[in-house]
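Work through the exercises below with the sequence and the model at hand. Try each task before reading its solution.

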Amino acid sequence: MAEDILLPARDNPDSELSVADHSLFEPQIIAGLCRKWLIYNDISPRSREKYTQWLKAFAQWSRGQGITEPVREDIIRYRDELSRNKQPSTVNNYIRAVKSFYRYLEAAGIRPDITRGIRCLKLEAGFRKGYLNEQQCADVIETQKLEPAQEESNAARERRILTSARNQALLILIMTTGMRTIEVRRADYGDIQIQGDSRILYVQGKGKNEKGQYVKIPDETWKALRSYLALRGPLSPRDPLFASISNRDAGQRLTTRSISRICKNALIEADLNSSRLTAHSLRHTNATLALKNGASVEQVQQVLRHADINTTMIYVHDIDRERNAAEDLVARAIFDELPEPTEKQA
């Protein structure tokens, strides 16, 4: 039996609209279905905004194409059009949302699942973000050092000092612990604890509901964190570890977008402006430098909190590929064998 989907009509609040009689993608219909879909799939409140964005993008595209009842070929065409302007991983997010929505529609008896068997784009094995070497890490951190400023008020200088200390501590923390931006955002001052001989930071990982795992805070990282925290004054355990300094939301928890922007701006200032270098690259940097400097795969898996060690093994394969000198050997074999040009040839 079809699920009873009835929504208030647009012109008369006392009357109702039935999905059976209207296009799925009329704004009012899709809004109601979207809410039910998110509840049905038990999507966390933090993820609902993204899932809603991905589904409504398809709804807007359908209306723009004059499509009232999409068929399988429409969704394939939508996927192919997205792929012209978006990264494959992004396209797959949009398509997975549509496929999930149609699975819900079929389960609710509203529409058949026309997306069954439609493939997402194939992604290459390996990571799509780059990583930094030791010197590049130092260069990124150096971008946050204070420079003298002329004719600056005391308030402006204090704000600049606090911003510099915060950004430097944030960058060093991600580099040395491999934390994700969402984990940095969720971190509270009270999550810093002492365990045995180590200072640790409890983290709430991606998709987790509690802070059950931790990363160790190296001495240099603690030095940067301590300098930043001292500038903020007294803090309670539930205060965010990294807070906004802007006038609009001073003291509030930094968003993941703000954290990403701080990292990207530092990369650009260090002359490392590349689409493959982002905040997430600093997490990759942690794993890669750890492996290159003697850490085992199991140790890196534990630090990054990978459920599957095969995910960690990708870093090993990337390092092996980087060290593969086959291209250089071929070039040397070719060009070392070329005769030196004579004076006439030159």
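At 56% relative accessibility, Phe335 counts as exposed, because exposed means over 50% relative accessible area, buried under 20% and partly exposed in between (1.4 Å probe, protein chains only). The model is predicted: local features need pLDDT of at least 70, side-chain atom pairs count only at pLDDT 80 or more, and totals for chains, interfaces and linings use all residues. Residues are numbered from 1 along each chain as its sequence is written, and side-chain values use heavy atoms, with hydrogens and water left out.

**Exercise 1.** Find the helix that holds Phe335, and name the nonpolar patch on the surface.

*Solution.* Step 1: Phe335 is in helix α13, residues 326-337. Helices (H or I, at least four residues) and strands (E, at least two) are DSSP runs, numbered from the N terminus.
Step 1: the patch is formed by Val330, Ile334 and Phe335, which together have about 310 Å² of accessible area. Patch residues have over 30% relative accessible area and no salt bridge; like charges are joined within 9 Å, nonpolar side chains (Val, Leu, Ile, Met, Phe, Trp, Tyr) within 5 Å. Areas come from the Shrake-Rupley method with a 1.4 Å probe, and for residues only the protein chains shown count as cover.

**Exercise 2.** Decide whether Arg79 is buried or exposed, and list its contacts.

*Solution.* Step 1: Arg79 belongs to helix α3, residues 72-82.
Step 1: its relative accessible area is 14%, so Arg79 is buried.
Step 2: leaving aside neighbours within four places in sequence, Arg79 is in contact (heavy atoms within 4.5 Å) with Val91, Ile95, Ile118, Arg119 and Leu121.
Step 3: the side chain of Arg79 reaches the backbone oxygen of Arg119 at 2.8 Å.

**Exercise 3.** Which residues are linked in a network of salt bridges?

*Solution.* Step 1: Arg253 also forms a salt bridge with Asp188, with the closest N and O atoms 2.8 Å apart.
Step 1: for Lys211 and Asp191 that distance is 2.5 Å.
Step 2: the network links Asp188, Asp191, Lys211, Arg238 and Arg253.

Methods:
Salt bridge = Lys/Arg side-chain N within 4 Å of Asp/Glu carboxyl O. Polar contact = N/O pair within 3.5 Å; in protein donor to acceptor, adjacent residues only side chain to side chain.
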